[in-house]
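Come along and check each entry against the model.

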Amino acid sequence: MQTGRKERSRRAEQSRDVRDRQAHEIERLRQENERLREQLAEQAKRIADLERQLALRQQNSTTTSKPPSSDGLAGGQRVRGRRVKSRRKAGGQPGHPGHHRELVPLARVDVIVDLVPDTCRRCARRLHARHEVGDPRRHQVTELPAIAAHITEYRCHRRQCPDCGTTTLAPLAAALAGQFGPQLTALIAYLTVVCRLPRLVVQRLLAGVLQIPISLGSTQNAWEEASAAVAVPYEELEHALAQQSVLNSDETGHRTNGAKRWLWTLVAPTFVFYTIASSRGADVLRRLIGATFAGVLGSDRLPVYLTYAAARRQLCWSHFRRNLLSAQELATSAAAKRFCREALALQRQLFRLWRRFHGEPHVRGAPLTRAELIAKVLPIEKRFFALAERHVNAADAEVSNLARALFEHHPHFFTFVHEEGVEPTNNVAERALRTAVQWRKIMFGNRSTEGELAVARLLTVTRTCQLQQLNVLAYLTAAIYCHRRRQAVASLLPKQHTH
């Protein structure tokens with residue numbers, strides 16, 4: 001009996017040992033499983049981050065604010081043209097009207113040469129003036145004359161007074177003090193600003209084509225004189241900014257001696273204005289257009305514009321569309337992708353109506369009046385608001401941000417529907433800024449505050465002349481001519497805005 005109790009006790013001890021070992025093994029396996037779960041979750045997060053980084057690097061100008069010139073380098077090549085190759089041959093198609101160089105008016109022709117046939121091309125019979133039939137075929141050849149600089153030498157003579165013995169030197173007019181005339185000075189500025197030629201290239205062009213030897217310092221002097229000549233028209237445009245009914249604004253980075261600057265542009269219906277500032281904040285807008293702007297301010301959704309006190313705004317649909325395409329590429333959930341698809345579909349409907357309002361010939365449907373446009377856009381506007389309201393708190397951060405922007409600033413996306421002269425995009429400011437960016441990439445920024453002002457003045461005047469279809473070189477020449485003679489320079493403002 002004693003032996004039986006010992007046996008049962010021994011077996012119970014063994015069972016407890018087995019249970020303890022099993023419990024220990026279970027705990028070890030549980031901890032190992034927890035560690036593997038954490039490791040798997042961490043790896044999944046890293047994979048998602050890497051996939052997002054890869055997707056961001058593969059984006060191009062259609063989904064970001066990158067310039068089109070970067071497509072195919074850092075990002076994926078932008079899809080252009082038809083995706084399906086056309087079966088038509090290259091070149092003009094049957095029935096396509098031909099294009100040719102138009103003949104210049106006879107008043108512009110310098111020399112007329114009559115070519116008269118003497119004999120028949122078939123039987124060699126002698127032909128006379130009485131055999132003339134129809135009007136002659138006109139063929140014009142345009143050629144440059146022999147290019148040579150026109151040089152005038154002014155000889156300032158001295159004469160001595162026989163009474164007092166004083167020698168008097170004939171004075172040189174202030175307009176003749178420089179070594180280059182107004183047209184040549186304007187040409188140097190034109191080549192630098194409009195043609196965006198570096199000063200060394202301008203120097204070589206003048207020496208090689210016009211046989212005008214010139215130093216780099218002289219090209220800089222011409223640039224500075226052209227800047228001084230257009231100072232008054234530039235200031236007039238600056239003062240007129242606040243009175244405009246519509247302004248579109250954009251900005252980009254700039255450099256002055258390596259220091260960070262911001263190049264701003266504001267585009268009005270009749271002129272383009274540039275300025276270089278040390279700030280990207282709303283203080284620049286307040287300095288240029290006042291504490292509040294009474295007109296419509298078109299821009300992207302940069303916080304500096306949203307915090308500025310503008311009475312009315314138009315937020316750029318091009319930026320919003322690129323953001324939607326980017327969010328669609330990066331979306332990981334079906335709900336996020338659905339939001340982007342629905343928003344893009346509504347945006348296409350909106351712009352189809354806008355093109356019909358403008359009467360574009362390739363858009364189906366009759367042209368719309370302003371009242372018809374407003375009536376047809378209203379349902380789309382309501383659907384946009386409802387879509388934004390549903391996704392304000394979306395799990396996808398980018399979708400939530402876009403929905404919140406559309407929800408909070410909803411009226412500012414549709415100002416163009418109701419206001420005359422307002423465009424749905426900020427493309428006019430982006431195109432104006434692109435000119436300045438191209439100049440910056442060639443010239444590598446500025447070296448002084450005076451250089452910043454010169455860039456702003458000359459970009460403003462040349463782009464405004466182009467917008468108003470004025471001859472840029474002729475305007476610069478006239479401005480330098482008047483500046484040398486202390487005369488008023490022609491204003492670039494419409495007549496009703498001049499003072």
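I began with the words for angles: under 35 degrees counts as roughly parallel, over 145 as roughly antiparallel, 65 to 115 as roughly perpendicular, and the rest as oblique. The model is predicted, so I noted that local features need pLDDT of at least 70 and side-chain atom pairs count only at pLDDT 80 or more, while totals for chains, interfaces and linings use all residues. Residues are numbered from 1 along each chain as its sequence is written, and side-chain values use heavy atoms, with hydrogens and water left out.

**Entry: α8 and α9**

I looked up α8 with helix α9 (residues 334-357), whose axes come within 9 Å and cross at roughly 150 degrees. Axes here are lines fitted to C-alpha atoms, for helices over the stretch in contact, and angles run from 0 to 180 degrees between N-to-C directions. Helices are DSSP runs (H or I, at least four residues), numbered from the N terminus. α8 and α9 are therefore roughly antiparallel to each other. I also noted that their crossing is left-handed, that is, the near helix is turned anticlockwise from the far one by less than a right angle; clockwise would be right-handed.

**Entry: α8 and α11**

Which residues of α8 meet α11? I found Phe320, Asn323, Leu324, Ser326, Ala327 and Leu330 in α8 against Glu398, Leu402 and Leu406 in α11. By class, this contact of α8 with α11 has six nonpolar, two polar and one charged residues. Ala, Val, Leu, Ile, Met, Phe, Trp, Tyr, Cys and Pro count as nonpolar, Asp, Glu, Lys and Arg as charged, and the others, Gly among them, as polar. The axes of helix α8 (residues 317-330) and helix α11 (residues 397-408) come within 10 Å and cross at roughly 155 degrees. I wrote down that α8 and α11 are therefore roughly antiparallel, with a left-handed crossing.

**Entry: α13 and α14**

Next I checked helix α13 (residues 427-443) and helix α14 (residues 449-467), which pack at about 130 degrees with axes 11 Å apart. α13 and α14 are therefore oblique to each other. Their contact (heavy atoms within 4.5 Å) involves Arg431, Ala432, Thr435, Ala436 and Trp439 of α13 and Val455, Leu459 and Arg463 of α14. I counted it by class as five nonpolar, one polar and two charged residues. Here α13 passes α14 in a right-handed crossing.

Notes:
Helices (H or I, at least four residues) and strands (E, at least two) are DSSP runs, numbered from the N terminus.
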